[in-house]
Each structure stands twice: as structure tokens, then as C-alpha cells.
Amino acid sequence: MANDIRDAFDHIKADEHLIESTKQFITQNNQKKPRMRFQKTFATACAALLLAIGITGYSWTKTPVSYISIDVNPSIELSLNRFGRVVSATAFNAEGRKILETLSLKGKRDTTAVHEIIENETMQTFLSDEAELVLTVAEEKTQRGLNRRMKACSNHLSHECQHIRADIEIVEDAHSYGLSFGKYYAYLQLSQYDSGVTPEDCKHMDISTIHELTCEHEQNETTDGENAPSKETRCHHHDKKHNQSHKQEN
């Protein structure tokens, strides 16, 4: 480009000193422009990268990748980000809403949030000796720690607790019926014996009732039949007279 500029000025008749000064000015400025353009491009790219990192980081802290369902009669569900922090807490019945009104769980660690819910004064009124407390967990395949943490957590609660692992794919379906995914999971087990039961029926039952119905059907079914649920999905045992510390894990 510098040679082209010099050639162009060779055809102009003017003071030689003026022509030479003008050539040098334009040549120098054209040499600077690519450098300036690179600097501007680089700065823009850096700004875009920082923005992308910021958006990604924000998304990571706000996007649920795992869930905990806490069901007794109160039915509460926690949505967690990939760092095990509570993104949201949702109640699926009036009893659950009453409990959440007294708690601030957003941003807390999963184990801390579960303890606060279970040890809540209002929740304790539902935890009689006969009441069944169920923790159901669902997590994306990339998340491996939640199930282990909840299993350990269930061993240190003030009330006997059953720990269950469910597929994360059922969460969306559960919400479409207005159920926590833990109660929906229990419904799915019951529906394998009783095709007439509906999610709406289970919405108005506590978790103990759903499990008791499943056990009653199980006792009347032959476990070797084609229609019998697999060992992994059947209700194994919920009679607290015989097994006060039973925990189920798939």
C-alpha cells in the first residue's frame, strides 16, 4: 500500500516538500490503522469473552441440575445447581407452604436445607412415630455427589427416613400433575399394581398411604408374574413394627 501511495503522488504537481510530507503522513497513519484495528478487535474479543464467562457463571448458579423431594404429609421439593446450592424451594401442598413460609433456603447447601426443613417446628408436628419420611433424589448423570450426601444425611435426621433414588426424567412429568417428583415416583410404583389410580388421587394422599396401598397390592401379587414390578421398583417393606430403620435405595 505504501508504494501505491507514493506512485499516486508522483503524478501530482506541487511543492516537492509538501508532497513528501503528505506521503509520509498518510503512510504512517495507514501503518498505524491495522495495529489500532487489531487492538480494538482484541479488546472487543476480551469483552465478549468476559461477558460469556459471566453469563455462563450466572447460568451455572441458577440452572437446576438435581432435585430433592421431601415427603411426609407436607410435600416439598428443592431444586439445586451444580454446586449443590438451593436454587428454589417449592411446596406442593398447604402443609408444605406453611413450612417454607418460615424458612429462607435459597443459596444454602443441600444438606443444610434438608436439615432445616426436617427440624422445622411445623414439620415436627407431622413426624409422629407412624409417619413415613421419604427423601427422594434425582440428579443429572454428571452429578454424582447428591445421592451419596442424602444417604448420609438421612442417617443423621431426628426421624427415621427412607432414602430413594429416582430418574431425573420424571421431574417434568411430576410437575405437570402438580406433584413433587418424590410423590409422583411413589404413584408410579402403585400404578404398576393398580392401573386405575391417578396422579390426582395421589395428590391428596400422604406418602405413607401410597406406600401402604402398594404393599397391600404387592402381597396379593405373585412376584414372578409378567406384570409384577421389578425388584428395584417394588415397595420392599414399610411396616415399622418389623423394620423401624428400613431404607430403600435403587
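Which side chain does R149 meet in a salt bridge? I looked, and the partner is D110, at 2.5 Å from N to O. I count a salt bridge when a side-chain nitrogen of Lys or Arg is within 4 Å of a carboxyl oxygen of Asp or Glu. R149 lies in helix α6 and D110 in helix α4 (residues 110–118), so the pair ties together parts 39 residues apart in sequence. Helices (H or I, at least four residues) and strands (E, at least two) are DSSP runs, numbered from the N terminus.

Notes on the model. It is predicted: local features need pLDDT of at least 70, side-chain atom pairs count only at pLDDT 80 or more, and totals for chains, interfaces and linings use all residues. Residues are numbered from 1 along each chain as its sequence is written, and side-chain values use heavy atoms, with hydrogens and water left out.

Next, accessibility. I call a residue buried under 20% relative accessible area, exposed over 50%, and partly exposed in between (1.4 Å probe, protein chains only). D110 is buried at 0%. R149 is partly exposed at 22%.

I then checked R165. Its salt bridge goes to E139, with the closest N and O atoms 3.6 Å apart. R165 sits in strand β5 and E139 in strand β4, 26 residues apart. R165 is partly exposed at 29%, whereas E139 is buried at 8%.

Last, the sheet. I find five strands in an open sheet, ordered β3-β2-β1-β4-β5, with mixed pairing. Strands pair if DSSP finds at least two bridges between them. β3 (86–91) and β5 (161–165) stand at the edges, each with a single partner strand, so one side of each has no neighbour in the sheet.
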